[in-house]
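Open the model in your viewer and keep the selection tool ready. This tour moves from stop to stop and says what to select at each one.

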Amino acid sequence: MAASPALMKSDSIADNMPEALRERRYQMKRCFARYLQQGKRLMKLHHLMDELEKSIDDHAERTQLLEGTLGYILCSTQEAAVVPPHVAFAVRPNPGYWEYVKVNAHHLTVEGITATEYLKFKETIYDDKWATDENALEVDFGALEHSTPHLTLSSSIGKGMNFVSKFLSSKLWAEKEAAKPLVEHMLSMKHRDDKLMINETLNTPAKLQAALVVADVFLSSFSTDTPFQNFELRLKEWGFEKGWGDTAARVRETMHSLSEVLQAPDPVNVENFFGRLPTIFNIVIFSVHGYFGQANVLGLPDTGGQVVYILDQVRALEEELLIRFKNQGLNVKPQILVVTRLIPDAQGTKCNQELEAIEGTKYSNILRVPFRTENGVLRQWVSRFDIYPYLEKYTQDATTKILELMEGKPDLIIGNYTDGNLVASLMANKLQVTLATIAHALEKTKYENSDVNWKQKDSKYHFSCQFTADIIAMNSADFIITSTFQEIAGSKERPGQYESHAAYTLPGLYRVASGINVFDPKFNIAAPGADQTVYFPSTEAQRRFTHFHPAIQELLFNDKDNDEHIGFLEDKKKPIIFSMARLDTVKNITGLVEWYGKNERLRSLVNLVVVAGFFDPSKSKDREETAEIRRMPTLIEKYRLKGHFRWIAAQTDKYRNGELYRFIADTRGAFVQPALYEAFGLTVIEAMNCGLPTFATNQGGPAEIIVDGVSGFHIDPHNGDEASNKIADFFQKCKNDDEYWNTVSAASLQRIYECYTWKIYANKLLNMGNMYTFWKMLNCKEKLAKQRYVQMFYNLEYRNLVKTVPIPSYELPKPVPKPIHQTPADSDTEVVRGLTQCMTRFEISPFNTYIAVYKLISKLLLILVLLVLLFVMCWTHFSTNHSQKALPF
């Protein structure tokens, strides 16, 4: 289909659509009649196009229509709500931009409507009574953003810090008083009780500018490497404190940067100066759900790439903070706490250990805080879908523990996923600390129509709680960290994860007229990397973990099934296509197996190896994983994959996994990531770091990581035949051209080094923390108003919703009936066993039990002694009186 002409920016869909419909009136009358044929319904783009194709038989005529204005409007439509006699269209001409129109199918008249009116149309399909209720709850977060500046171009989405820098520079240039908040911000800076940057001597922009000139002349007489301590006292007399730099050269650089901001501001100067400020020392990172640990956790329920992401993130942040402190001339140590859930039933992991040092760091730890209910500590793992009733109490307990360990408030709080973001937002609001959130994956986009169909899935997934928690956290955040543009605003064809929260409805519960605006400058892109001490090219022979080779050889090529692998590879000389992910629906591992099974050409060229999940469904507590486990043997049997396919259970040793990637590269194989949607794609980064040619989903982040056909290949997960043929074409070309595999491998490595390293990420994130701490102060009134609105929504809606999520009750073990013939020894054993069970249930330690018993016995003995003394005294008194009565007078 030829490209349709875009509308002018000044044009609206409502203005252009009437004329376009008149030009094709006959065909469109037939088409709209088909739209109405099935009554009320929600139609997606492919439904609209199917009905259009059936309405216009002539291919040339249909092509001509689609190449015109009407075709452009229809192709830009994401969905349409059919409520006879009207069809309401949600049109998205560009990422982030939406327009709503309703068309009378009988007369083809067009009327522009608001987001709220469109949502009511949509609700009518699912809950007519609620849709017409004038008192239905409507949420509008956008109403509180009238004074906050926003981006305007789709291409600028995700470049929030750049926009803030431009806005600040223009404001500083235009208004003389605009520098006053910057001076106030610098006056507020301190570490514990130590003032930083400036003191009250320099409490106005004019004083600060004059002092900078004097200081610059003074410092010019020192050699560049003169330590700060040599001139610290003189600078202090003029109003300057620590934090400017560790040497004369670095102090002058920072002062020059500030002078330029005050006198001739531009975005580069502003961003550079804020990057130098000593703002962040202590960081708290929340990752609540799953088993968070450093060993033996990957592959356990709800435990995957997020754990790897955060541990690598922490190492990079600590390293960057230490470099910054040195350059700022500060003798301080950072503190980073990753706060997660303590799980007493830890499944052989360290998830029952309260405090654990993070490997590869000096000042970073994992802090585990348990879930508590009125019945005590919850011992078992809880699915991420069932976690909501515990989070408020968890926040209170975690906050108390964090303040105790850090001996004060953190400077930055970072949330991860829905639960971590909600907890982070509650704590940040309480402590008035800068808040960043990271979604990783927003469930609303994973399940089609999960908002309007929330009632059908709520008992299983509790989407009402999750979507509410997500929108609260988004609107609480000072800045939002994403890995890709697609995560925010999707592509031309598909809305992004955040964009899908712009306007939506949960019929019967509430409608969101304005949820989150992707043009908000809080959105930023900071792509993570992979640990390059673990994931490095297969060609670097000296660095390879060769001690893993025998185990990997057995893992891939041993012919006998066991608890770690199923299936075998008959032709061990073939290249291997390899995938590694959680075994759930969205990751689509079974989809890849089916593509491979169907494609005879691909099977003749390569073997398939997947690392995912368990083999026994009873071992999994995850609903989706259980279904996928059951599906896998069916596919193996259906497509007769024995001899061509190897299924390996989830692997938790990242060092061995790194070598496994390289082992696959040694076979001249490739990595395949077939997810139906992937927010970022950490395994894609890992594979590319190892020089492994990679095929990855075009739905989400991997579409940005890979330059298609250069540094890897995009595949459509919804078109398995096309995807498998694309993989087969690559291996056929490699067979014909020995250098082609090397070319793609080298290009993938180049792409990683330019864009996807943890050093780049850490530098960006800390700069954001500095910038948005000031931005928050600058917009404090708007921030406070929005926070009040968010608090009201949390208290009136979220707190009621969590009451619908069942909390499992874990009862005490029932006493075992005594056998008929029981010896005293057996009886004693039963007593001990019963006491042990009670102690375990209520987490009573044996030592504390012995102390308690000892104290109890001591008290009983004391009471006994007192009773004996009392008896003796009474008897003595009685005896004396009796004797006196017997004597004669």
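## Stop 1: a loop residue

Select R192. This residue is partly exposed, as its relative accessible area is 42%. R192 sits in the loop between β7 (190–191) and β8 (194–195). Check its backbone angles. R192 is not a glycine, yet its phi is positive, at about 55°.

Now jump to N449. Here too phi is positive, at about 60°, and N449 is not a glycine. Its loop runs between β16 (434–438) and α17 (454–461).

## Stop 2: the whole chain

Zoom out. Keep in mind that this is a predicted model. The protein has 889 residues, and 56% of them count as buried. Colour by secondary structure. You are looking at 32 helices and 27 strands.

Next, consider contacts between residues at least 6 apart in sequence. Of these, 71% join residues at least 24 apart.

## Stop 3

Select P84 and P85. The peptide bond from P84 to P85 is cis, with omega near 10°. P85 belongs to the loop between β2 (77–83) and β3.

Move on into strand β3, which covers residues 86–94, and pick A88. Is A88 buried or exposed? Its relative accessible area is 0%, so A88 is buried.

Show what surrounds A88. Beyond the neighbours within four places in sequence, A88 is in contact with E79, A80, A81, V101, K102, I113, Y118 and F121. Then draw a distance from A88 to E111. The two lie 23 residues apart along the chain, and their C-alpha atoms are separated by 9.3 Å.

Select F89. This residue is also placed in strand β3. F89 counts as buried because its relative accessibility is 0%. Draw a distance to Y118. F89 and Y118 are 29 residues apart in sequence, but 7.9 Å apart in space, C-alpha to C-alpha.

## Stop 4

Hide the rest for a moment. Two packed helices are described by the angle between their axes and the distance between the axes.

Select helix α10, residues 205–219, and helix α12, residues 248–263. They pack at an angle of about 150°, with axes 10 Å apart. Angles over 145 degrees count as roughly antiparallel, and α10 and α12 are therefore roughly antiparallel to each other. The crossing of α10 past α12 is left-handed.

Which residues of α10 and α12 make the contact? From α10, show L208, Q209, L212, A215, D216 and L219. From α12, show V251, R252, M255, H256, L258, S259, L262 and Q263. Colour the residues of this contact between α10 and α12 by type: eight are nonpolar, four polar and two charged.

## Stop 3: helices α12 and α13

α12 brings R250, E253, T254, S257, L258, E260 and V261. α13 brings N269, V270, N272, F273 and R276. The contact of α12 with α13 divides into four nonpolar, four polar and four charged residues.

## Stop 4

How accessible is N416? Its relative accessibility is 0%, so N416 counts as buried.

Look at the side chain. One of its polar atoms lies 3.0 Å from the backbone oxygen of F286. Setting aside residues up to four places away in sequence, N416 touches I285, F286, Q306, Y309, I310, N421, I438 and H440.

## Stop 5: N588 in a loop

Finish at N588. Where is N588 found? It is in the loop between β22 (576–580) and α21 (589–598). With a relative accessible area of 10%, N588 is buried.

Show the contacts of N588, leaving out neighbours within four places in sequence. The partners are W595, P674, A675, L676 and P717.

Methods:
Residues are numbered from 1 along each chain as its sequence is written. This is a predicted model: local features need pLDDT of at least 70, side-chain atom pairs count only at pLDDT 80 or more; totals for chains, interfaces and linings use all residues. Side-chain values use heavy atoms; hydrogens and water are left out. Axes are lines fitted to C-alpha atoms, for helices over the stretch in contact, and angles run from 0 to 180 degrees between N-to-C directions. Helices (H or I, at least four residues) and strands (E, at least two) are DSSP runs, numbered from the N terminus. Angles under 35 degrees count as roughly parallel, over 145 as roughly antiparallel, 65 to 115 as roughly perpendicular and the rest as oblique. A crossing is left-handed if the near helix is turned anticlockwise from the far one by less than a right angle, and right-handed if clockwise. Contact means heavy atoms within 4.5 Å. Ala, Val, Leu, Ile, Met, Phe, Trp, Tyr, Cys and Pro count as nonpolar, Asp, Glu, Lys and Arg as charged, and the others, Gly among them, as polar. Buried means under 20% relative accessible area, exposed over 50%, partly exposed in between (1.4 Å probe, protein chains only). A polar contact is a pair of N or O atoms within 3.5 Å; within protein, one must be able to donate a hydrogen and the other to accept it, and residues adjacent in sequence count only if both atoms are side-chain atoms.
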